[in-house]
Amino acid sequence: MTRRHRLMHRLIWPVLAVIVTLGLASALVLRPPPPNVQEQAK
Amino acid sequence: MSVGFRAVQWNRDKVVYDAILLAGVIAFIGTFLFVSFSLHPAKDSPDEIDRFIRAFGVCAFAMLTIVLSIGPLARLSPRFLPLLYNRRHFGVFTFIVAALHVGFMIEWYGVQGNLPNLLVELMTWADYARFIGFPFKALGIAALLILFVMAATSHDFWLGFLTPPVWKAIHMALYVAYGLVVLHVALGIMQYDRSPLIPAMLFVGFGIVTALHIAAGVRERWRDGGRVISPGWIAVGPPQSIPDKGARIVTAPDGERIAVFRDGNRIGALTNLCAHQNGPLGEGRIIDGCITCPWHGYQYRLEDGCAPAPFTEKLTTYRVRIHRGFVEVDPVPLPPGTPAAISFASP
């Protein structure tokens, strides 16, 4: 890899890793409860 | 290197690679469908198509994870280099599997007469402002478009036409595609299906790719050797510290890497970038008297960085000298193909 590619690599990776990790964790935490739990809550 | 179009140059290794890849994809999807239909027989036609959507989707995700792992794995151990040899075909296969996943999804809407609903789903602009409820299919489509561009430009014609640095930069978009796919699954099927296998697949896949890249990066930084000494030469080490028919890699003040090879009592320094795909030449070996790139076997002479006839590639070389028992490299690049190797007296 050229120096520019390594720089790109080092910039893209941390940003992508943070976005994806936060997105994945949030999607897991915020997902709606299963239908039977919702019915019980009602 | 020519930018004229030539069809894929098949050889036995490529055929074996592709045959194993195809067999692996068929076995994966076949096993997935067999287990799925055995555990839960399909209720109706859309349910049946849904299994195919999942099978091809999981397979595409697994393939993307493997494709992204091949680079760092090959850096960490040369045992994985055979996987890298035909990585482009792996990428094209991944695009085909992902495209079939989309094809089954369109069919799923089609058999129910709901195809317009797909468009409505994608064009409900208010949903793009939501997190849970985001049109996750748009993320998948964006990832598929990136995979398409990569598959379409994977041929050596485009590599020569665009030049390796530009081609490589375009193909780094695969990381973005992977991130989009992870979020496509997280905001899509993971919201409706409570199976713990889905988040497990995402965390394990993304975790493996991230850990391998960090490990390869740390090792690469550790391997970067050489220190600039006055007046501007880089000290590499005693001649014997360079493995015979191998190289040590040093970093020039401008950040570019230089591969310093030794072949017996001959030493030469060249750019670490192979002319083909900018592969790490310094991780290669001298085979049949030529420096051989570990990625695809492109060869160059130690003496002047020129590829042996009939090939015409030329690499940048660097002046080397032995000073007080140390090999030193002048980081000022010489014009490609300039003879610069030296001999040293064995102790």
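Colleague: How many residues of chain A and of chain B take part in the contact?

Modeller: We call two residues in contact if their C-beta atoms, placed from the backbone, lie within 7 Å. Here 21 residues come from chain A and 26 residues from chain B. This is a predicted model, where local features need pLDDT of at least 70 and side-chain atom pairs count only at pLDDT 80 or more, while totals for chains, interfaces and linings use all residues. Residues are numbered from 1 along each chain as its sequence is written, and chains are lettered from A and ligands numbered from 1 in the order in which they are written.

Colleague: What kinds of residues does chain A bring to chain B?

Modeller: Sort them into classes: Ala, Val, Leu, Ile, Met, Phe, Trp, Tyr, Cys and Pro are nonpolar, Asp, Glu, Lys and Arg are charged, and the others, Gly among them, are polar. The side of chain A touching chain B has 14 nonpolar, 5 polar and 2 charged residues.

Colleague: And how is chain B divided?

Modeller: Domain bounds come from an automatic or database domain assignment. In chain B, that gives domain 1 (12-222) and domain 2 (227-343). Their centres, taken over C-alpha atoms, are 38 Å apart. In the contact between them, 8 residues of domain 1 of chain B meet 6 residues of domain 2 of chain B. That side of domain 1 has 7 nonpolar, no polar and 1 charged residues.

Colleague: Last one: in what order do the strands of the open sheet in chain B run?

Modeller: Two strands pair if DSSP finds at least two bridges between them. This open sheet of 3 strands in chain B has the order 6-7-8, with antiparallel pairing. Strand 6 (285-287) and strand 8 (299-301) of chain B are at the edges with a single partner strand each, so one side of each has no neighbour in the sheet. Strand 6 of chain B pairs with strand 7 (residues 290-292) of chain B over 3 bridges, and Arg285(B) stands opposite Thr292(B).

Conventions. Helices (H or I, at least four residues) and strands (E, at least two) are DSSP runs, numbered from the N terminus.
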